[in-house]
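Subject: Handing over a structure

Dear colleague,

I am passing on the structure below, and after it I set out what was found in it. Please keep it open beside you while you read.

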Amino acid sequence: DGMLPTRDALALLALLVCENPAKVLEIGTYMGHTTRAMAQNAPSATIHTIDLPVDFSPESESITPLPKDDFHLIGKRIVGREFKDSPHAPRIVQHYGDTADIDFHQFGHPTFFFIDGSHTYEYCKNDSEKCLEISPAGSVFIWHDCDVRHPGVVRALHEWRRSGRDILRIANTSLAYWKRPSEDS
């Protein structure tokens with residue numbers, strides 16, 4: 001619970017290796033399994049990863065601007081546990097905060113985005129739009145939990161499709177994929 005299924009991880013990592021980005025932005029660190037796997041498979045990339053502050057609790061939820069979900073996972077997480085002592089840790093930059101409040105410009109211009117934070121419509125829309133704002137042409141976006149159990153993610157991605165973005169579901173996974181067109185496309 002909270003980790004990528006193997007087939008999703010393999011699809012994500014295949015795209016990562018193919019794209020060979022210099023900078024990755026992951027939303028939703030959790031224990032850091034996926035973070036570590038991305039660092040292992042993109043050996044020249046810097047991986048920026050964001051998760052809620054370690055001291056976040058559901059009781060503090062009322063002060064955040066957007067509705068969250070997955071409180072059962074938030075309560076048992078040890079953020080970044082899986083990469084902290086790995087040889088890849090120097091290329092992983094852990095950020096703490098609520099993505100509703102974070103200025104994404106601090107991450108520069110990543111070209112690979114893995115969006116797997118809160119699965120509410122409001123957060124998926126917020127996180128996607130903030131990533132789009134800092135993404136250069138040719139950037140890749142991958143969303144996790146694009147399935148019937150996460151209607152907020154599906155709704156946000158349907159809106160993006162209606163706006164002309166060719167977002168695709170990756171067969172036999174709960175991943176969705178979009179590559180931002182080149183400027184000359």
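**Strand E1 and its partners**

Strand E1 and strand E2 (residues 46-51) pair in the parallel sense, and five bridges hold the pairing. Please bear in mind throughout that this is a predicted model. Within this pairing, Glu26 has Thr49 in E2 as its bridge partner. To get from E1 to E2 the chain passes through helix H2 (residues 33-41), and the β-α-β crossover made in this way is right-handed.

E1 is also joined to strand E4 (residues 112-115), by four bridges, and these two strands run parallel as well. Two residue pairs can be picked out here: Val24 has Phe112 in E4 as its bridge partner, and Ile27 stands opposite Ile115 in E4. E1 itself, which covers residues 23-27, is mostly covered, with four of its five residues buried.

**The chain and its sheet**

Stepping back to the chain, you will find five helices and seven strands, and from the N terminus on these elements follow one another as α-β-α-β-α-β-β-α-β-α-β-β. The seven strands form an open sheet with mixed pairing, in the order E3-E2-E1-E4-E5-E7-E6. Strand E3 (92-96) and strand E6 (168-169) stand at the edges of this sheet, and because each has a single partner strand, one side of each is left without a neighbour in the sheet.

The chain has 185 residues, of which 55% count as buried. When contacts between residues at least 6 apart in sequence are considered, 74% of them join residues at least 24 apart.

Helix H1 (residues 6-19) has 14 residues, and from its first C-alpha to its last it reaches 20 Å, close to the 20 Å expected at 1.5 Å a residue. Its buried residues include Asp8, Ala9, Leu12, Leu13 and Leu16, and what covers the buried residues of H1 includes E1, H2, E4, E5 and E7. Just after H1 comes Asn20, which takes a positive phi of about 50°.

H4 is mostly covered, since ten of its 14 residues are buried. Among the buried residues of H4 are Tyr121, Tyr123, Cys124, Cys131, Leu132 and Ile134, and Asp127 and Lys130 belong to them too. The elements that cover the buried residues of H4 include E1, E4, strand E5 (140-143), helix H5 (151-162) and strand E7 (176-179).

**Aromatic rings**

The structure holds seven aromatic pairs. In one of them, the rings of Phe141 and Trp178 have their centres 5.2 Å apart and their planes at 50°, so the pair counts as tilted; it links distant parts of the chain, with Phe141 in strand E5 and Trp178 in strand E7, 37 residues apart.

Are these two residues buried or exposed? Phe141 has a relative accessible area of 0% and is therefore buried, and Trp178, at 6% relative accessibility, counts as buried too, because the cut-off is under 20%.

Ring pairs link Phe113, Phe141, Trp143, Trp160 and Trp178 into a cluster. Arg165 deserves a look alongside it: this residue lies over the face of Trp160, at 4.3 Å from the ring centre, and its charged end also sits over the ring of Trp178, 5.7 Å from the centre of that ring.

**Two loop residues with positive phi**

Asp145 is found in the loop between E5 and H5, and its phi is near 65°, a positive value in a residue other than glycine. Asn172, in the loop between E6 and E7, likewise has a positive phi of about 65° although it is not a glycine.

With kind regards

Terms used
Residues are numbered from 1 along each chain as its sequence is written. This is a predicted model: local features need pLDDT of at least 70, side-chain atom pairs count only at pLDDT 80 or more; totals for chains, interfaces and linings use all residues. Side-chain values use heavy atoms; hydrogens and water are left out. Buried means under 20% relative accessible area, exposed over 50%, partly exposed in between (1.4 Å probe, protein chains only). Two strands pair if DSSP finds at least two bridges between them. A crossover is right-handed if, with the strands pointing away from the viewer, the path from the first strand over the helix to the second runs clockwise. Contact means heavy atoms within 4.5 Å. Rings of Phe, Tyr and Trp (its six-membered ring) pair if their centres lie within 6.5 Å; planes under 30 degrees apart count as stacked, over 60 as edge-to-face and the rest as tilted. A charge sits over a ring if NZ of Lys or CZ of Arg is within 6 Å of the ring centre and within 35 degrees of the ring normal. The expected span of a helix is 1.5 Å times one less than its number of residues.
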